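Here are some notes for a colleague who is opening this entry for the first time. They are meant to be read with the sequence and the model side by side.

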Amino acid sequence: MPESAAVPAARPTPSDPAELSAEDGKLVVLARGARGRVAAVEGAAVRDQDGRTYAAASVSLPSLTLTALQLAVASAVAAGASRLEAAVVVTEASTLDGAGHAAVRDLAADAPIHVAAPDGTVLGTVVE
């Protein structure tokens with residue numbers, strides 16, 4: 001079976017950390033909270049065009065696997081979002097997963113995706 005083009009295999013590497021706005025700082029807090037509540041591998045949060053925020057944790061079931069960022073984007077879309085202003089993923093990984101990156105880019109070609117460590121320290125920002 002051919003590999004799907006919908007989920008890129010590339011793992012974007014964050015550039016130097018960007019200075020976070022107060023709104024993006026709130027996304028870090030929300031993502032950490034989502035991760036911590038269920039002791040998930042990752043937590044994520046996104047902000048839509050109206051300033052609404054959506055937080056999620058990674059899901060790993062026998063029949064369903066979603067990154068935290070995919071689930072946060074899906075929640076935003078399900079609530080009517082058509083564009084994202086920013087995203088944050090809290091993870092122990094040093095790179096951003098390709099599937100989460102693609103989900104954000106489906107709604108925003110230029111929204112910053114901040115990658116943070118579990119303690120909330122921003123490790124870098126993906127802007128492409």
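1. Basis of the model. This is a predicted model, in which local features need pLDDT of at least 70 and side-chain atom pairs count only at pLDDT 80 or more, whereas totals for chains, interfaces and linings use all residues. Residues are numbered from 1 along each chain as its sequence is written, and side-chain values use heavy atoms, with hydrogens and water left out.

2. The chain overall. The protein chain holds three helices and seven strands, where helices (H or I, at least four residues) and strands (E, at least two) are DSSP runs numbered from the N terminus. Read from the N terminus on, these elements follow the order α-β-β-β-β-α-β-α-β-β. Of its 128 residues, 45% count as buried, a word that stands for under 20% relative accessible area, with exposed meaning over 50% and partly exposed in between (1.4 Å probe, protein chains only). Among contacts (heavy atoms within 4.5 Å) between residues at least 6 apart in sequence, 64% join residues at least 24 apart.

3. The sheet. Five strands make an open sheet of mixed pairing, in the order β2-β1-β5-β6-β7, and two strands are taken to pair if DSSP finds at least two bridges between them. Its edge strands are β2 and β7, each of which pairs on one side only. On average, neighbouring strands of this sheet are turned by 15 degrees against each other, direction ignored; axes are lines fitted to C-alpha atoms, for helices over the stretch in contact, and angles run from 0 to 180 degrees between N-to-C directions.

4. Strand pairs within the sheet. β1 and β5 run antiparallel and are joined by six bridges, and in this part of the sheet Asp-48 stands opposite Leu-84 in β5. β6 and β7 also run antiparallel, with four bridges between them, and His-114 stands opposite Thr-125 in β7. These two strands, β6 and β7, form a hairpin with five residues between them, and Gly-120 in the turn has a positive phi of about 95 degrees. Four of the five residues of β7 are buried, which leaves this strand mostly covered.

5. Helix α1. With 17 residues (22-38), helix α1 reaches 25 Å from its first C-alpha to its last, close to the 24 Å expected at 1.5 Å a residue, the expected span being 1.5 Å times one less than the number of residues. Its buried residues are Asp-24, Leu-27, Val-28, Ala-31, Ala-34 and Arg-35. Seen down the axis of α1, they fall within an arc of 130 degrees, so they line one face of the helix; the arc is that of the directions from the helix axis to the C-beta atoms. The face turned away from this buried side carries the exposed residues Ala-22, Lys-26, Val-29, Gly-36 and Arg-37. α1 lies across β1, β2, β5, β6 and β7, and runs at about 40 degrees to β5.

6. Helices α2 and α3. In α2 (residues 68-78), Ala-68, Leu-69, Ala-72, Val-73 and Ala-76 are buried. Viewed down the axis of α2, these buried residues also fall within an arc of 130 degrees, so they line one face of the helix. They pack against β1, β2, β4 (65-66), β5, α3 (98-107) and β6. α3 is mostly covered, with nine of its 10 residues buried, and what covers those buried residues includes α2, β5, β6 and β7.

7. A residue to look at. Gly-43 has its place in strand β1, and at 0% relative accessibility Gly-43 counts as buried. Which residues is Gly-43 in contact with, leaving aside its neighbours within four places in sequence? They are Ala-31, Arg-35, Ala-56, Ala-57, Ala-68, Val-88, Val-89 and Val-90. Gly-43 and Leu-71 are 28 residues apart in sequence, and their C-alpha atoms are 9.6 Å apart in space.
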